[in-house]
Each structure stands twice: as C-alpha cells, then as structure tokens.
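Let us walk through this protein model one step at a time.

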Amino acid sequence: LETYKENMTVFCKNIIAQNEVINSIDPASETATEDLLSSLDTIEAEFTTLADMEVPEQFSAIESLADEAGAYMTEAVSLYHEAFGAAVYDDTKAQLAAQSYQRAIKRVQYIGDILMGQLPDDENVEITYEDSTSDDTQTAE
C-alpha cells in the first residue's frame, strides 16, 4: 500500500510538472507545436505507468479507473498528434482530444478521492459496495 501511495505521489508530481511545461510554452515559438506534443507524449507515458501499477486489494476499484484513464489519455494524445500533424490544423480532432483528455483527468480525480477515503462526487458515478457474504468488489464507474 505504501509503495502504491508513493508511486501515485510521483505520478501526480510528474503530471503537475508537465502541466507547468505546457503552460510555459510560448504559442508564438517556432517549436510550440513540437514542445506541446512532446509534453503530451510524456503525460501519456505517465498514464501508461499509472495503468500498469499494481493496485492494493483494498483499492481494487482503482484498477479499472487507472486503465480507463490510460486508455483515454492514449486516445487524447493520438488525436492531438493528428490534429496538429495535419496539413491544416484539425479543430474537430483537437476538440475530441480535449474531451478524451478531460475524461482521463476525471478518472485520476476519482482515484484521488478514493485514496483519500472519499466517494467521488459525480452523478455519473455508480458505486457498488463489497458485501461480506459475496465476492462482489467495490467499483466506481
């Protein structure tokens, strides 16, 4: 459990650092697009690491959230590459990328809530509690 919490702390610090890098990019720079895509690639790698982390049994609901977050981030980064890599900037793909990015971040927020002992506060979240007489596990969708 402690290792998982440490790994999550490192993940969060790395995402915050990349967010700062993205926010510091000068949009007028000749390398702005390459810098943005490079940072997004780094974020995608962090999310892949998140999805691959071994989740402690007491937080089993986090595993599917981490997998979903990783998949959404991979989709987002791929779409951002397509949007910026096209001969003409593709705003539709950029908007789809932003939606996938937000879905990935939302799942990380849910994970944080669960690790803090709180239930995610979202009308789209369904929570199933483990019953001591069954093999069902707690899930958050």
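Start with two helices. H2 covers residues 32–52, and H3 covers residues 60–85. Their axes come within 8 Å and cross at roughly 160°. Angles over 145 degrees count as roughly antiparallel. H2 and H3 are therefore roughly antiparallel to each other. The crossing in which H2 passes H3 is left-handed. Bear in mind that this is a predicted model.

Which residues of H2 and H3 meet? From H2 come Thr33, Leu36, Leu37, Leu40, Asp41, Ile43, Glu44, Phe47, Thr48, Leu50 and Ala51. Their partners in H3 are Ala66, Asp67, Ala69, Gly70, Met73, Thr74, Val77, Tyr80, His81 and Phe84. Sort the residues of this contact by class. You get 13 nonpolar, five polar and three charged.

Now follow the chain onward to H4. This helix spans residues 91–115. The axes of H3 and H4 come within 8 Å, and they cross at roughly 160°. That angle makes H3 roughly antiparallel to H4. Here, too, the crossing is left-handed. The contact of H3 with H4 has 23 nonpolar residues, one polar residue and six charged residues.

Next, go back to H1, which takes in residues 2–23. How do the axes of H1 and H4 cross? They come within 12 Å, at a crossing angle of roughly 140°. On the H1 side, look for Tyr4, Met8 and Phe11. In H4, they meet Val108, Ile111 and Leu115. This contact of H1 with H4 has six nonpolar residues, with no polar and no charged ones.

Step back to the whole chain. What elements does the protein chain hold? There are four helices and two strands. From the N terminus on, they run α-α-α-α-β-β. So far, we have looked at helix pairs. Now consider contacts along the sequence. Take those in the protein chain with a separation of 6 or more: 58% of them come from residues 24 or more positions apart.

Finish with the surface and the interior. The protein chain has 141 residues, and 34% of them count as buried. The chain exposes about 8700 Å². Carbon and sulfur atoms supply 47% of that area.

Methods: Residues numbered from 1 in each chain as written. Predicted model: local features only at pLDDT ≥ 70, side-chain atom pairs only at ≥ 80, totals over all residues. Heavy atoms only, no water. Axes fitted to C-alpha atoms, helices over the stretch in contact; angles between N-to-C directions. Parallel < 35°, antiparallel > 145°, perpendicular 65-115°, else oblique. Left-handed = near helix turned anticlockwise from the far one by under 90°. Contact = heavy atoms within 4.5 Å. Nonpolar A, V, L, I, M, F, W, Y, C, P; charged D, E, K, R; others polar. Buried < 20%, exposed > 50% of the residue type's maximum accessible area, 1.4 Å probe, protein only. Areas by Shrake-Rupley, 256 points an atom, 1.4 Å probe, with all protein chains shown as cover.
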